[in-house]
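What follows is a short briefing on a structure that is a predicted model, arranged by topic for reading beside the coordinates.

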Amino acid sequence: MPLSSTVAANAGAPRRVRPLARRLQRGDQIAHLITLIFAATIFIVTALLFYELYTGALLTRQKFGWSFLSGTTWDPVALEFGALPFIYGTLVTSALALIIGVPLGVGAAIFLAELAPLGVSDGLAFIIELLAAVPSVIYGLLAIFTLVPFLRDYVAPLLQSTLGFLPLFQGQSYGVSLLAGGSILAIMVLPFIISISREVLLAVPREQREASLALGATQWETTWNVVVPYAKAGIIGSIFLALARALGETMAVTMVIGNDPRINLSVFAPGYSIAAAIANEFSEATGDMHISALIELGFVLFCITIAVNAVARLLILTTTRKSGAT
Amino acid sequence: MNSPRTRRRMTNIVMFAITGACTLGAVSVLFFILGYLLWQGGHALNLDFFTKLPAPVGETGGGFANAILGSAKLLVLASLIGIPIGFLGGVYLAEFGGTTPAFVVRYTTDLLNGVPSIVMGIFAYRIVVVTMGHFSTLAGGIALGVMMIPIAVRSTEEFLRAVPNTLREGALALGATKWRAVATVVIPAALPGIITGILLALARVAGETAPLLFTAFGNLFWSPGWNQPTASLPDTIFKYAIAPYEDWHQQAWAAGLVLLTLVLVVNIAARFILRRQRRDLRG
């Protein structure tokens with residue numbers, strides 16, 4: 001219906017058709033320009049973000065250089081800033097998240113893609129996608145009051161009695177720990193691993209499964225030896241995406257990791273992550289040097305997550321391309 | 001010769017049972033969260049929660065009225081930034097973008113989407129808090145607004161692309177110029193999807209805490225105007241949860257229940273609408 005006005009305008013004035021067309025053509029250019037300006041804003045904001053992080057960390061970059069990354073002392077009073085304990089905490093919690101989350105996530109994705117009827121699978125996937133929408137502070141809230149006591153009272157004693165000879169599982173357990181941070185992250189990244197892996201598995205061509213089944217393989221053998229290898233790059237991509245999420249996750253980890261800027265080998269010991277350090281110290285930071293150190297932490301985190309995200313996208317892209325071509 | 005065959009059959013059953021257990025575990029997390037919040041927060045939730053200011057330490061009672069209003073104000077600001085840039089950026093990518101500029105914009109959008117929320121807080125701190133000299137609602141709103149952009153761009157682009165080309169061609173064949181066709185035919189066709197996508201983006205930033213910690217900062221009282229620090233629901237949950245008072249924990253549960261309910265309702269409704277929209281456009 002809105003179209004009719006254009007048609008009427010064009011039909012009603014045959015002699016003015018050309019100038020009108022030209023004017024409307026100009027409208028095209030204006031519309032193009034307006035949307036381009038807004039699209040360019042996105043680029044400018046991203047560039048500004050990078051610039052602000054880079055210049056905001058100028059003070060510490062000049063004073064510490066690369067040794068900022070390898071320093072182990074974090075002492076705002078003595079103006080001594082080394083980021084290694086935070087980098088360590090971030091890497092350990094993210095690694096724990098993947099160790100716990102990947103088998104669970106890929107397992108669930110296999111079930112949803114290969115065994116569950118499509119209707120059931122869609123319904124369950126819907127619920128799992130809702131998990132991704134739960135705010136991180138709510139995960140943190142629940143973790144403080146349920147996960148932390150559970151780990152302290154049941155999981156830690158169990159691990160100590162069975163695997164206690166490893167330095168990883170030694171020492172007193174207070175609940176708030178690297179393990180608590182890693183566990184809550186594992187739960188938080190599950191929906192990402194499951195929904196992307198499920199989609200990648202569903203995209204595997206039917207013929208692949210049929211050929212394998214026709215050769216006499218059981219359904220599990222088909223899944224494990226044919227379908228999963230076919231979708232491997234995409235599944236790994238989903239894991240990298242989960243890793244990027246885990247590295248940058250702030251609130252839930254801040255609430256359960258214990259906030260202790262020391263490097264402890266035991267997963268029962270409290271630790272500290274990059275994001276948690278920024279969250280806790282930024283608003284109370286004293287002096288430009290401290291702020292600068294925290295911004296540099298943010299810059300490090302930014303660079304790591306960007307790199308991990310890029311790898312993830314590349315991997316997911318290659319799989320979907322592949323199955324799209326066949 | 002029976003044993004390898006039974007073993008293979010057993011493996012088949014056992015492995016699929018394990019994957020089923022994984023699924024059950026993942027799905028039950030949502031019900032655990034919801035149930036636990038209802039159990040803990042349900043009885044702390046009353047009218048005072050929605051109408052009163054937080055009580056001073058040591059006193060019981062009080063509510064989160066300022067945090068609820070603060071969250072609403074932050075979301076208004078976030079929408080003012082996130083929706084125009086996200087929507088028009090998405091229109092550019094779907095309808096007007098050439099190859100190189102569109103690639104650059106799409107790439108930076110992805111990049112922006114991957115920026116950890118706490119880093120977005122640092123960004124807003126640098127450009128707003130440092131410039132103004134103090135924490136403010138404005139700074140928090142800008143941080144959330146920037147976070148909305150990539151989500152809004154993506155959903156806008158996705159739904160515009162899902163509009164069949166025949167609609168565009170029909171409009172052009174009737175003599176409409178490109179922008180007329182886009183504005184009066186393509187965008188209206190995709191509008192329900194675009195709006196729901198933007199609602200999802202709002203629901204996502206409504207639960208963000210990290211970018212608000214040192215931008216909106218938090219406040220125990222009302223925050224008049226846009227220039228002062230403000231409380232918000234997620235930020236108050238965080239502060240009350242890590243405080244050592246039992247009474248505060250109760251209120252954190254109640255606030256958590258309110259926030260989660262809001263987020264889930266928007267998400268469930270949006271996903272139903274999106275599903276129908278996708279079907280309509282393809283069907």
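Across the interface of chain B and chain A the rule finds four salt bridges, a salt bridge being a side-chain nitrogen of Lys or Arg within 4 Å of a carboxyl oxygen of Asp or Glu. Over all chains, the count by this rule comes to 16. The model is predicted, with local features needing pLDDT of at least 70 and side-chain atom pairs counting only at pLDDT 80 or more, while totals for chains, interfaces and linings use all residues. Side-chain values use heavy atoms, with hydrogens and water left out, residues are numbered from 1 along each chain as its sequence is written, and chains are lettered from A in the order in which they are written.

**Charged pairs between the chains**
- E221(A) pairs with R8(B) in a salt bridge whose closest N and O atoms are 2.8 Å apart.
- E129(A) forms a salt bridge with R271(B), where the closest N and O atoms are 2.9 Å apart; because E129(A) lies in helix α6 (residues 118-133) of chain A and R271(B) in helix α10 of chain B, the pair joins two chains.

**Extent of the interface**
- In contact (heavy atoms within 4.5 Å) are 85 residues of chain B and 86 residues of chain A.
- The area buried between chain B and chain A is about 7,300 Å², of which carbon and sulfur atoms give 80%; buried area is the accessible area (1.4 Å probe) that two parts lose on being put together, summed over both.
- In chain B, R8(B), F16(B) and R126(B) lose the most area to chain A, together 9% of what that side buries.

**A bent helix in chain A**
- Helix α7 (residues 136-163) of chain A, helices being DSSP runs of H or I with at least four residues, has 28 residues, yet its end C-alpha atoms are only 31 Å apart, short of the 40 Å that a straight helix would reach at 1.5 Å a residue.
- A kink of about 50° in α7(A) is centred on A143(A), the bend at a residue being the angle between axes fitted to the seven residues ending there and the seven starting there.

Definitions and conventions: The expected span of a helix is 1.5 Å times one less than its number of residues.
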